[in-house]
Structures are given as C-alpha cells and as structure tokens.
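Me: I would like to learn how to read a protein model. Could we go through one together?

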Amino acid sequence: MEYVRKLMDRVSVEGVKIELLNTAYGNGNTFLAKLDPRTLFLWYLYFGIAPWFIHSEVLLLGMFLLLVVTTMMSRVSPLIIGILCLGLLSQAGYLFIVSWLFGGGGETILPLLKLTMKLSVISMASITVFCSMDPEKLSDGLLRIGVPKQVSFGIAYGYRMLPSLVEEYHHIFLSFRLRGVAPRRHGLLYWRSIVYFLKIAVLSFYPLILSIAKRTRTTVEALEAKGFSYAYHSPEAKRIKLSYMKFTARDAVFLLGSGLYVVLLHVLAAQISI
Amino acid sequence: MAQLKQRYVLTQSQKMMVFILSMSLYGLSNMITELIPSIRLGPIELSVEYFAFIPLTLCILFHPFYAAVGAALGEVIFGEIMLGQFGGLGELEKFIGFSLAMFIAGTLVNDPRNRRQVGVAAMMGVIIHQFISCAVDIGKVWIGVEEFEAVPGLAQSVVVVEGVAFLNDVLFSGILFALLPTLYLVPRLYGKIEPLLGMKPRNNKMKYSLGEIMAPRLIVVSVILAVLAALAEFLAESDMALVEWDADFLESIGSWFIWVSIGAAAAVACLTIWLLVRRGKRSGTAGTGI
C-alpha cells in the first residue's frame, strides 16, 4: 500500500488531465496525424487482427519492432504507455507465477512471452491509430466508413469533455474528504481506508450525475441549434462535411512501406524456420 | 383510459440527452475503475470490476434502451480506445452482452420508487451480464480448442473455475458496486434528474413498447453481430491457453478452496441482506444508505 500512495503522489489528477488533453490534441503535426483516417483504419485492420493468427516468433518480433517505431512516431503520452505496460506485465507476471508455482517451469516462459508479444502488438496498433488522430479527425473518419453519427459524435464529445469531467469528479471527491472524517486507524491491510475511499468514490457520483445531466441538456440544445438532427438524416450535409478527406502520396507511402516490411518479414520468417 | 396505456415516448433530442448522459458518466467511471488496482487472493479476485450502478440507475430512471447503449459505448470509447486498449472484434461481444443485460434490468422496473423492484433489477442486470461473459468464456474453451478434450476432466474444471469467477463477481462486485449504490441513488435521483433533462419522471402508468425499439431489422442485425462476435472471440483466443493454468491451479490447491471462496461470498451476501432488512425495519421509509 505504501507504493500505491507514492505512486498516487506522483500521478496527480491535474497531471492525468493534462496528459489526456495532450493525447487528444497535442500531436497534430506528426507524420501519422497527417494521414487520412481511412489509411489508418486499413492499417489497423491488419495489425489489430493478424497477430492473433501468427505463431512464428520472428514474425511477431518484427511486427513488435515496427509497432514500437510507429508508437514512438505518434508521440503518445507516458501515461498511456504506463497503463499499457502495467496491464501487460501484471497479466503475464501473474500467469507466470501461477504456472511456475504449480510445476510449469522454464518451458512455460516462451509461450507466455509470445502471448505477451501478441497482446502488446495489438495494443500498440490501437494506440498508434487511435491516439495519433485528433478527435475530430477520428470521428469524421468513422463517419466516413459508415459508423452511426451518434458514435462519432460520442468520440469527439468524450475526448473534449473528459478532462473537465475528471476535474469535476475530483473536486467533488475532495470536498467529500474535506467534510467527512477519515478513519482514525488504517486497520488490517488498510481495509478501513480502502472501504472509506471506495465509499466516497461511489457517493461522489450523486452530485456528478446531476451536474452532468445539466451539462448534457445544454449540449443537446446547442446541437439542435446547429441542426444536428437535420444533418443526421441528410446525405448532402454529410458529403459536405467529409469532403476534405482525400488520399495523398503520403498515405500511399505509408501503406506501401508497411506492406513491404510485412512481406519481407514473412520471407525472413520462412527462411529462418527452415 | 387512453392515458393509462400511454407509451413512454421521447423526442429525438431527449433520446440524445439520455444517450450522452449515460455515455459520459459510465465512461468516466470506467476510467476510474481502470486505475484502481485489484487484489488477488488465489482464485478470488477482489477487484472493482466496474461501477455497474451507473448504467443500472440510468436504465431504471430513463429509457433503458438509450441508456444501455450509451453506457456500453462509453465503456468502449473511454475505457478502451482512449487508453489504447481496444481489442478489436472481441469488444463487440462485450458491447452486446453489456447493453443487453442493462436493458433487461431497466425494463424489469416499472416503478422506480419500489425498492424491491429496483434491487431485483440491479442484481438481475449483473447476473445476466456475468452469465453471458461466463458462457462465452466456457464456450471459447469448449468449441475453440479441440485438443483440450483429450485431457480428461478439463471441461468440468473449466466450468468450475468459471462458475467460481461468476459467483465472486456477482456476490462481491454485484452487491457492493451494483445493488447498494443503485438502491441509494435511484430514490434520490427520481424526480430530481428528469426535469434537468426536460422530461417527466418515468411512472408506472407509462409503458414503452418493445416492438417499437426492437424492429425486426435490428434483431436480425444484432443476432448476426452476436454470432460474428462470438466467432471472432473463439478464433482470437483459441491459442491463448489462459484457462489451462487456472485449471492446473485449481486441481493442485484442492477443491476445498472453492468452498472457502463461496462461503466467504455467501457470508457477505447474508450479512448485507440482514443489515438491509434491519435498517429497513428501523427507518421505515427513509433511505437505505451504504
């Protein structure tokens, strides 16, 4: 529990909020961000699904390296990388400990590494694609490939509103702590404190639900003033809205480059396995 | 008399409001639960799986369909895409299962002031959701991985392991983060939150017709999607022998451990029910806090 508190000191809510905004809007000038959303979706279709069916270590390692490069190119915030690593490590680590304790031994490490590699390839592909586009572009791209407008609106809205929602939640949480009495003793394994914090975490939602309801009404009224429902049914409005999207040489280079790399990897993998 | 059969109709923008409200609230809570660490005591995992009370409360107070779909979408957007954990097609199964469970929970209640109905609906929502995900997990092993059948007794132990996980989730997460908060929030928000969205509170005289929402096309599409999602899951995880270790683990530790876990969960459940009943008797109509 000590390390949790230390971690919490470093990861402040303010920091999380800034990171989120940074993820959403901070990297509009990277190479990946300038690509057409459809290119990225096409790319993701391969790198998000194919790794499940790949069993060759060489191939996986090659893809892993490529994705490390693309993830670095998209300049993702450390917070997201941190969450990714934590998730992968805790899952793999737990499985490894369990299998080792019950007679797994050395030979279970390889399949576990392979599994972790697969999972990380897929996660990094989704980070590359979804974090390198800014929300407007992502939602327009989804709209273009035929996703319902509510979904694409939801994404744009979510990215924009989440930081302020996190802040509001944090304020309510802090005022609950300010007005309440923290347990005097931590209890065995800090259970008293854990129960106290979980209770506040749940209770804080009551004011939040009411204030978000108000906010939602304002949002929808503003949307209606701009003719959201009308545009929803009108194909002409959609066409005009999305007319700016077009494939460029950049997209071709990116797709061809990735394709060539994957083909080379396949050749390499075939040679090594023979 | 015509008024008695009045349907629960919402305008386009009211639907949108319910949808956005549910999406942003549940998305936010997902972000928070994603950051809370979980405690693992052997097969019992004491973790805050999800704040199920938020979609449950909203499904009970508003139109269940829009609230459920909004919450499921919020989970995908805030909890998966924004944190870079989007798992591709496998998410589809989660999306459908979750929104279905929440929708059913919402339709079970026709009077949000009735405490018993709300409690039953909250538990049903969690049970249905966990049951669907459990069934998919078991199916994954049963259908997806043929060579497992060569191992004697493996199928049974998978069912046992999944069953224990199911009971743990329902009794721990379900009671602490679905039943109690929903019982606390619904009576407090009823009649207070609806005017903020410019609509009348749902009352038991209003009926919303399933036929109107569940148009035949939607049913066909969702069935196809569900089958596709299940197939994708099976394909995707056929070589992730995650359950194998769990099974080994269970066998080596002995089956008595399951009973410890079930017993603990049952004790918590009994204690909660007893406390609820006692509190209810003492304070009559006053609220049941947590």
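The dialogue below takes up the chains, a helix pair, the domains and a core.

Me: What should I know before I start?

Reply: This is a predicted model: local features need pLDDT of at least 70, side-chain atom pairs count only at pLDDT 80 or more, and totals for chains, interfaces and linings use all residues. Residues are numbered from 1 along each chain as its sequence is written, while chains are lettered from A and ligands numbered from 1 in the order in which they are written.

Me: How many helices and strands does each chain have?

Reply: Helices (H or I, at least four residues) and strands (E, at least two) are DSSP runs, numbered from the N terminus. Chain A has 13 helices and 0 strands. Chain B has 10 helices and 2 strands. Along the sequence, chain B reads α-β-β-α-α-α-α-α-α-α-α-α.

Me: What percentage of each chain is buried?

Reply: Count C-beta atoms, placed from the backbone. A residue is buried if 20 or more others lie within 10 Å of its own, exposed if 12 or fewer, and partly exposed in between. In chain A, 27% of the 274 residues count as buried. In chain B, 43% of the 290 residues do.

Me: How do α3(A) and α7(A) cross?

Reply: Helix α3 of chain A covers residues 37-49, and helix α7 of chain A covers residues 135-144. Their axes come within 9 Å and cross at roughly 75 degrees. That makes α3(A) roughly perpendicular to α7(A). For that label, the angle must be 65 to 115 degrees; under 35 is roughly parallel, over 145 roughly antiparallel, and the rest oblique.

Me: Which residues meet there?

Reply: Two residues are in contact if their C-beta atoms, placed from the backbone, lie within 7 Å. From α3(A) come A:Pro37, A:Arg38 and A:Phe41. From α7(A) come A:Lys137, A:Leu138, A:Asp140, A:Gly141 and A:Arg144. By class, this contact has 3 nonpolar, 1 polar and 4 charged residues. Here Ala, Val, Leu, Ile, Met, Phe, Trp, Tyr, Cys and Pro count as nonpolar, Asp, Glu, Lys and Arg as charged, and the others, Gly among them, as polar. Buried residues in α7(A) include A:Lys137, A:Leu138 and A:Gly141.

Me: Where are the domains of chain A?

Reply: Domain bounds come from an automatic or database domain assignment. It gives domain 1 (27-133 + 249-274) and domain 2 (134-243). Their contact takes 7 residues from domain 1 and 7 residues from domain 2. On the domain 1 side, the largest share, 3 residues, comes from α3(A).

Me: Which residues touch the most other members of the largest nonpolar core?

Reply: Nonpolar side chains tend to be buried together in soluble globular proteins. A nonpolar core is a set of buried Ala, Val, Leu, Ile, Met, Phe, Trp, Tyr and Cys residues joined through C-beta atoms within 7 Å. The largest one has 107 residues; B:Leu56, B:Cys59, B:Ala68, B:Ala71 and B:Met102 touch the most other members. Its largest share, 17 residues, comes from helix α6 (residues 154-189) of chain B. Domains 1 and 2 of chain A both give residues to this core, so it lies between them.

Me: Is B:Phe103 buried or exposed?

Reply: B:Phe103 is buried, because 26 other C-beta atoms lie within 10 Å. This residue lies in helix α4 (residues 90-108) of chain B. Leaving aside neighbours within four places in sequence, B:Phe103 is in contact with B:Cys59, B:Pro64, B:Phe65 and B:Ala68.

Key
Axes are lines fitted to C-alpha atoms, for helices over the stretch in contact, and angles run from 0 to 180 degrees between N-to-C directions.
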